[in-house]
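Please keep the sequence and the coordinates at hand while following them.

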Amino acid sequence: MAEHELIEAYLRELRYSMTRVADAGEVIEEVADHLNEAVAHLVQAGHSHAEAEQEALARFGSAALISKVFTEDRRRRAAVPTSMTRRAGLAALCSPVLLAIGTFGIQNWHFGLGYAAGTGAMGLGVLATLFGFWGFRRRHGGMGAMGRVAFWITLASPLLAAPFGWAAPAALGIVLLLNVVLVTRAMYRAAIFPRVPIALLGIGPFAIIATVMVMEKLNAPSTWWPLSFAPLVVGYVWLGLLMWREVSAEIEPPDGLATA
Amino acid sequence: MTALKFAFLLDRGRLGEAERVPRHLDMLILSILETGPRHGYAVIEELRRRSDEALDLPEGTIYPALHRLERSKLIEGKWFDIGGRRRRTYALTTDGRRALREHRKEWVSFASMIQRVLGGKPWPSTN
């Protein structure tokens, strides 16, 4: 058997498994170096070359496992939250509240202080949403296709809502609240936090809409209406507590350096 | 090593399953690189040595972790030519040192708390 034949075959298999990984060529080079060094050490320890190759490959892990871990990891950043990404996550959590307040204020007060406060809350909500997207991308490498759709909808939302005239703020609020569904779906797939609170948050808007429709059909008393918020509130508080309790690695300014 | 196993179990409730192992592996890698630049094989060998062979994971899984840490600017990789082969060596960045310092503090506090609850001597114990 030619020298390194097993390793060459493994590298071919790994290259084939990692076609979706952007820098697969460099990864294969690193792996080749690792395996060759492992073989050299095992041969030095007394193994035959064939045994050393088999042992090195067994210790390294199958090509399927390694390519799977690489592919999943591309969706994540280092599991080290920083203060800024933590704040971004909390801002994203606050954004639906701000958007809901903004929508309520603008719909109920068409001028004056109430209208100004509603507009302010709406603006803050949009900024908080965008900050949340940035933090997600920084910490977890993005949210995939759904996350990108949600991001562009957020940016375009003022233009999408403008044709509705006086109802534009309400339309804006609805567009951005529906974004919550897209974002929670992306978070669910990325498995960043336990999935139950994320799922509750995702189905929350649908639960509200479904409950309102059913209640209107049944002429149910309005006292039942708050119950429709239960999944959203439970998921929201649960996720908020998880994010709040997450420890961040504080990045401090360099010691002894003068600032400009 | 018992504390490390406990940490894996307890973290299950606080973190998503996808983050449980990477969270600790990232910190272990940063700790290894604190003593100087190393390539992937040397990192895994040092992990095995320091853990008295207790930490035994598929060696190839170190590379996604190294690349992830590099993307987050906590380590920096460079290519070198070694005996006709290309070798990538990783070194800790300033941000990486600070992240390691912070999580080391967190870990000592966590392990001390566990030890107190279990009723043993304070951690680390000298007798």
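This is a predicted model: local features need pLDDT of at least 70, side-chain atom pairs count only at pLDDT 80 or more; totals for chains, interfaces and linings use all residues.

Which residue with a positive phi follows H4(B)? The residue is B:Lys73, and its phi is near 65°. For the complex, the predictor reports an ipTM of 0.75 together with a pTM of 0.50.

Helix H4 of chain B covers residues 62–71. This helix is mostly covered, since 8 of its 10 residues are buried. The buried residues of H4(B) are B:Ile62, B:Tyr63, B:Pro64, B:Ala65, B:Leu66, B:His67, B:Arg68 and B:Leu69.

Chain B as a whole contains 5 helices and 3 strands. Along the sequence, these elements of chain B are arranged as α-α-β-α-α-β-β-α. The chain has 127 residues, and 48% of them are buried. Among the contacts in chain B with a separation of 6 or more, 42% involve residues 24 or more positions apart.

The lowest confidence in chain B belongs to helix H1 (residues 2–14), with a mean of 40. The highest is found in strand S1 (residues 38–39) of chain B, at 96. Over residues 1–21 of chain B, pLDDT stays under 50.

B:Thr89 belongs to strand S3, which comprises residues 85–92 of chain B. Is this residue, B:Thr89, buried or exposed? Its relative accessible area is 15%, and B:Thr89 is therefore buried, the cut-off for that class being under 20%. Leaving aside residues up to four places away in sequence, B:Thr89 touches B:Pro37, B:Arg38, B:His39, B:Glu76, B:Gly77, B:Lys78 and B:Phe80. Two of these partners, B:Arg38 and B:His39, are the residues of strand S1 of chain B.

B:Arg97, by comparison, is located in helix H5 (residues 94–118) of chain B. With a relative accessible area of 40%, B:Arg97 is partly exposed. When residues up to four places away in sequence are not counted, B:Arg97 touches B:Glu34 and B:Leu92. Although B:Arg97 and B:Ser31 are 66 residues apart along the chain, their C-alpha atoms are separated by 8.7 Å.

Attention now turns to chain A. Its secondary structure consists of 10 helices and 0 strands, so that its pattern along the sequence reads α-α-α-α-α-α-α-α-α-α. Of the 260 residues in chain A, 43% are buried. Among contacts in chain A between residues at least 6 apart in sequence, 69% join residues at least 24 apart.

From H1(A), the residues A:Ile7, A:Tyr10, A:Leu11, A:Leu14 and A:Arg15 meet A:Ile28, A:Val31, A:Ala32, A:Leu35, A:Asn36 and A:Val39 of H2(A). By class, this contact of H1(A) with H2(A) comprises 9 nonpolar residues, 1 polar and 1 charged.

The crossing of H1(A) and H3(A) is right-handed. On the side of H1(A), the residues are A:Glu5, A:Leu6, A:Ile7 and A:Tyr10, and they meet A:Glu53, A:Gln54, A:Leu57 and A:Phe60 of H3(A). This contact of H1(A) with H3(A) divides into 5 nonpolar, 1 polar and 2 charged residues. A:Ile7 and A:Tyr10 take part in the contact with H2(A) and in the contact with H3(A).

Further along chain A, A:Arg86 lies in helix H5 (residues 83–108). Its relative accessibility is 22%, and A:Arg86 therefore counts as partly exposed. A:Arg86 and A:Gly132 are 46 residues apart in sequence, while their C-alpha atoms are 9.2 Å apart in space.

Technical notes. Residues are numbered from 1 along each chain as its sequence is written. Chains are lettered from A and ligands numbered from 1 in the order in which they are written. Side-chain values use heavy atoms; hydrogens and water are left out. Contact means heavy atoms within 4.5 Å. Helices (H or I, at least four residues) and strands (E, at least two) are DSSP runs, numbered from the N terminus. Ala, Val, Leu, Ile, Met, Phe, Trp, Tyr, Cys and Pro count as nonpolar, Asp, Glu, Lys and Arg as charged, and the others, Gly among them, as polar. pLDDT is the predictor's confidence in each residue, from 0 to 100. Buried means under 20% relative accessible area, exposed over 50%, partly exposed in between (1.4 Å probe, protein chains only). A crossing is left-handed if the near helix is turned anticlockwise from the far one by less than a right angle, and right-handed if clockwise.
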